[in-house]
Structures are given as structure tokens and as C-alpha cells.
Amino acid sequence: TEIKNISLGLLSTDGRFKRILINEVSDISNRSTTILKLKKNIKLKSCILCEENSYLYTVSDIGRIIKIKVTKDIFPFMGKLAQGNTIMKLFPGENIIQALSIQKNQIKDLILITNKGSFVRHTTKEIKISKKGELGTIGIHFNDNKKSIDRVNNCFINNKNLYIKTTKDRYERLRHDLINSSLYKKETKLNLELNNDELIKSTFSMIIPEKD
């Protein structure tokens with residue numbers, strides 16, 4: 001059965017993005033196959049489902065956000081061995097954190113979390129549309145010094161079941177009300193006190209059944 005208007009988007013760590021027809025993947029049976037050819041030391045960072053005319057949001061650890069419309073003209077379907085188009089030209093030391101696909105009529109809150117325990121909330125509606133290779137939107141401003149470097153380490157669409165893990169293996173549920181009440185584009189501290197040598201390691205979503 002042909003799946004219309006849905007494609008598989010593949011983002012690699014060198015800032016390249018490609019789309020392949022979902023049917024090319026669904027036709028794979030029990031045998032392995034290559035769907036992305038990567039250069040040496042380059043890895044697959046994100047694999048997402050994309051609707052035609054949706055928007056692709058790519059976020060880096062220095063807080064850059066690239067928003068590009070997903071169309072056949074901008075992102076033509078490619079073969080399994082293609083590397084993809086460069087959508088984000090990375091600065092020295094810059095790394096891609098995540099890619100998200102949001103339908104064209106949806107307005108969501110995009111949350112950036114830093115390794116030092118703060119976050120910034122953006123509405124996807126106000127993030128400007130970019131072209132491939134452009135600077136994009138600066139989602140957060142960092143003031144680094146020699147002893148302390150702060151970076152975005154995760155981004156997500158706001159929901160009620162978000163948790164963080166620290167480098168000390170501590171887990172904490174994020175306060176949904178704190179995120180919702182924060183001002184857009186303003187860096188805000190999370191509901192977690194970090195020790196001097198402790199950082200946010202990861203963010204994840206998990207649904208825990210309510211107790212009877």
C-alpha cells in the first residue's frame with residue numbers, strides 16, 4: 001500500500017538532511033539494507049517522519065534553530081546511498097542536538113534545555129523560516145568563560161511528562177506549570193538545584209501510571 005505525503009527524514013551530524021520515500025523502507029523485509037551513506041566519523045543524529053508542507057526544526061548546541069519547509073522542491077526524494085543536502089553549516093565546535101517535524105498548521109512550544117539547568121521557551125509560529133545553509137534563529141545567548149561553558153543539550157515539544165537526568169544520575173520531573181508560565185525567549189532556571197560539578201545530561205519523556 002502506498003503511503004502518501006509521508007517521508008522518512010534522516011539528519012546526520014555534519015548538518016546534512018535527506019528524505020526517502022517511506023515505501024522504500026516499508027518494502028524492506030527481513031534483510032538489512034543501507035538507507036544513508038555516511039562519511040567517516042559522521043553519524044546519523046535524527047530519524048523522523050515528515051509530512052509534505054510540514055516544517056523541519058533543527059537545533060544546535062549553541063542555540064541556533066533552523067526552520068525549513070519540507071517540500072519536494074526544497075527536499076527532493078533521494079536514493080538510499082545519497083548523503084543529503086546541507087541544511088546547517090556548523091561553526092567550529094558546534095554540534096546538532098535534535099531535529100523535529102511539526103505539521104504546517106500546528107503551533108507548539110519548542111523548549112531548549114541547557115546543561116547548566118536552565119531553559120528557553122519558543123513558540124514555533126514566531127521562529128522565522130530559513131533557507132538551507134542560513135544562520136537561522138538564535139534561540140539562546142551564552143556567556144562563556146574559560147571555567148564554565150554552557151550549551152543546549154536537548155530540545156523538545158512541551159508536554160506534561162518530561163524528566164531530566166544529571167551527570168550524577170539524579171532524576172527529576174520537570175514542572176509543567178513552570179515551563180508554561182515562563183516568558184517566551186527568556187532564559188529561566190529549572191526546578192532543580194545542581195551541585196558545583198553537576199550538569200544536566202539528558203531529557204526524556206515518560207508516562208508513569210497513576211497509583212490507585
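Me: In this predicted model, does R175 count as buried, partly exposed or exposed?
Reply: The relative accessible area of R175 is 41%. Buried would require under 20% and exposed over 50%. R175 therefore falls in between and counts as partly exposed.

Me: Which residue does the side chain of R175 meet in a salt bridge?
Reply: The N to O distance of this salt bridge is 3.0 Å, within the 4 Å cut-off. The partner is D177.

Me: How many salt bridges does a search of the whole structure find?
Reply: Side chains of opposite charge can pair when their charged atoms come close. Among the pairs are R64 with E94 and K185 with E126. The search of the whole structure gives a total of nine.

Me: How many residues apart are R64 and E94, which meet in a salt bridge?
Reply: The side chains of R64 and E94 meet at 2.9 Å, N to O. R64 belongs to strand 5 (residues 64–69), whereas E94 sits in the loop between strand 6 and strand 7. The pair thus links distant parts of the chain, and the separation is 30 residues.

Me: Are R64 and E94 buried or exposed?
Reply: R64 has a relative accessible area of 2%. For E94 the value is 5%. Because the limit for buried is under 20%, R64 is buried, and E94 is likewise buried.

Me: Which parts of the chain does the salt bridge between K185 and E126 tie together, and how many residues apart are they?
Reply: The side chains of K185 and E126 meet at 3.9 Å, N to O, and both residues are exposed. K185 lies in the loop between helix 2 (176–181) and strand 14 (188–189). E126 lies in the loop between strand 9 (118–123) and strand 10, so the parts tied together are 59 residues apart in sequence.

Me: Which residues make the nonpolar surface patch of about 270 Å²?
Reply: One member is F91, placed in the loop between strand 6 (85–86) and strand 7 (96–102). F91 has 43% relative accessibility and so counts as partly exposed; a patch residue needs over 30%. The patch is made by F91, L135 and I138.

Me: Is T58 buried or exposed, and what is its relative accessibility?
Reply: T58 is found in strand 4 (residues 55–60). Residues touching T58, not counting those up to four places away in sequence, include L11, R64, I87, M88 and Q98. T58 counts as buried, with a relative accessibility of 1%.

Me: How far apart in space are G139 and I111?
Reply: G139 lies in the loop between strand 10 (137–138) and strand 11 (152–157) and is buried, with a relative accessible area of 5%. Leaving aside residues up to four places away in sequence, G139 touches G63, I65, L112, V120 and H122. G139 and I111 are 28 residues apart in sequence, and their C-alpha to C-alpha distance is 9.6 Å.

Me: In what order do the three strands of the open sheet lie?
Reply: Strand 13 (171–173) and strand 15 (200–205) are the edge strands, each pairing on one side only. Three bridges join strand 12 (residues 162–166) to strand 13 in an antiparallel manner, and K165 stands opposite Y171 in strand 13. Neighbouring strands are turned by 25° against each other on average, direction ignored. The order is 13-12-15.

Definitions and conventions. Residues numbered from 1 in each chain as written. Predicted model: local features only at pLDDT ≥ 70, side-chain atom pairs only at ≥ 80, totals over all residues. Heavy atoms only, no water. Pairing = 2+ DSSP bridges. Helix = DSSP H or I, 4+ residues; strand = E, 2+ residues; numbered from the N terminus. Axes fitted to C-alpha atoms, helices over the stretch in contact; angles between N-to-C directions. Buried < 20%, exposed > 50% of the residue type's maximum accessible area, 1.4 Å probe, protein only. Contact = heavy atoms within 4.5 Å. Patch = residues over 30% accessible without salt bridge, like charges linked within 9 Å, V, L, I, M, F, W, Y side chains within 5 Å. Areas by Shrake-Rupley, 256 points an atom, 1.4 Å probe, with all protein chains shown as cover.
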